[in-house]
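Q: I have just opened this one and have never looked at it before. Could you walk me through it?

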Amino acid sequence: MTSPAPTKEQQEFIRKLQTEREKLQVLSKEYQKFITTRQQFDAQLNENELVLSEFGRLKDNSEVYKLVGPLLVKQEVPEAVSTVKKRINFIKGELERCDKNITGSEEKQARSREALAKIQQQYQAKMQAAAAAAGGPAQRS
């Protein structure tokens with residue numbers, strides 16, 4: 001026995017399910033991208049904070065060099081410290097932005113999962129109602 005072809009209503013539910021699943025997959029990929037970006041900024045922040053702490057250990061007559069392309073260029077210590085502090089502030093701002101993106105993405109995924117579950121419940125309810133309607137008269141005879 002083969003199962004009957006899906007009705008238009010069933011086909012519509014299946015299409016909605018597929019669309020919502022695809023949407024959830026896109027949101028999941030976006031979320032992973034946000035997480036990866038945040039991890040990169042976190043690593044940069046740690047590195048820059050380490051550099052700043054190393055600056056604190058320098059002696060008064062120490063020299064600092066900055067890598068510019070293939071060259072090492074002498075840089076004044078206060079200028080180097082200022083540059084690193086600005087970089088740290090920038091990275092912290094980017095981390096806050098990443099956190100907002102992650103939170104927003106988590107909320108979108110939750111809404112998408114809820115929509116998917118609702119569609120599945122509606123589909124199951126329709127299928128049970130159809131089965132009960134089809135099976136109801138046959139049981140009475």
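A: This is a predicted model, and of the 141 residues in the protein, 20% are buried.

Q: What about the accessible surface, how much does it come to and what share belongs to carbon and sulfur atoms?
A: The accessible surface comes to about 11000 Å², and carbon and sulfur atoms account for 53% of it.

Q: Which elements does the chain have, and in what order do they run?
A: There are two helices and two strands, and starting at the N terminus their order is α-β-β-α. The protein is more spread out than a compact globule, because its radius of gyration is 29 Å, well over the 14 Å that the globule rule gives for 141 residues. Along the principal axes, the C-alpha atoms fill a box of roughly 105 × 25 × 20 Å.

Q: Which residues are in the largest nonpolar core?
A: That core has 11 residues, including Phe41, Leu45, Phe55, Val64, Ile88 and Cys98. Helix 1 (8-56) and helix 2 (77-140) are the elements that give two or more residues to this core, and helix 2 gives the most, with seven residues.

Q: And what does Ile88 touch?
A: Leaving aside residues up to four places away in sequence, Ile88 touches Leu45, Asn48, Glu49 and Leu52. Apart from this core lies another one of five residues, among them Phe13, Leu17, Leu24 and Leu116.

Q: Switching to charges, how many side chains are positive and how many negative?
A: The protein has 24 positive and 19 negative side chains, with the centres of the two sets 8 Å apart.

Technical notes: Residues numbered from 1 in each chain as written. Predicted model: local features only at pLDDT ≥ 70, side-chain atom pairs only at ≥ 80, totals over all residues. Heavy atoms only, no water. Helix = DSSP H or I, 4+ residues; strand = E, 2+ residues; numbered from the N terminus. Rg over C-alpha atoms; globule rule 2.2 N^0.38 Å. Buried < 20%, exposed > 50% of the residue type's maximum accessible area, 1.4 Å probe, protein only. Areas by Shrake-Rupley, 256 points an atom, 1.4 Å probe, with all protein chains shown as cover. Lys, Arg positive; Asp, Glu negative; His and termini not counted. Charge placed at Lys NZ, Arg CZ, Asp CG, Glu CD. Core = buried A, V, L, I, M, F, W, Y, C linked by side-chain atoms within 4.5 Å. Contact = heavy atoms within 4.5 Å.
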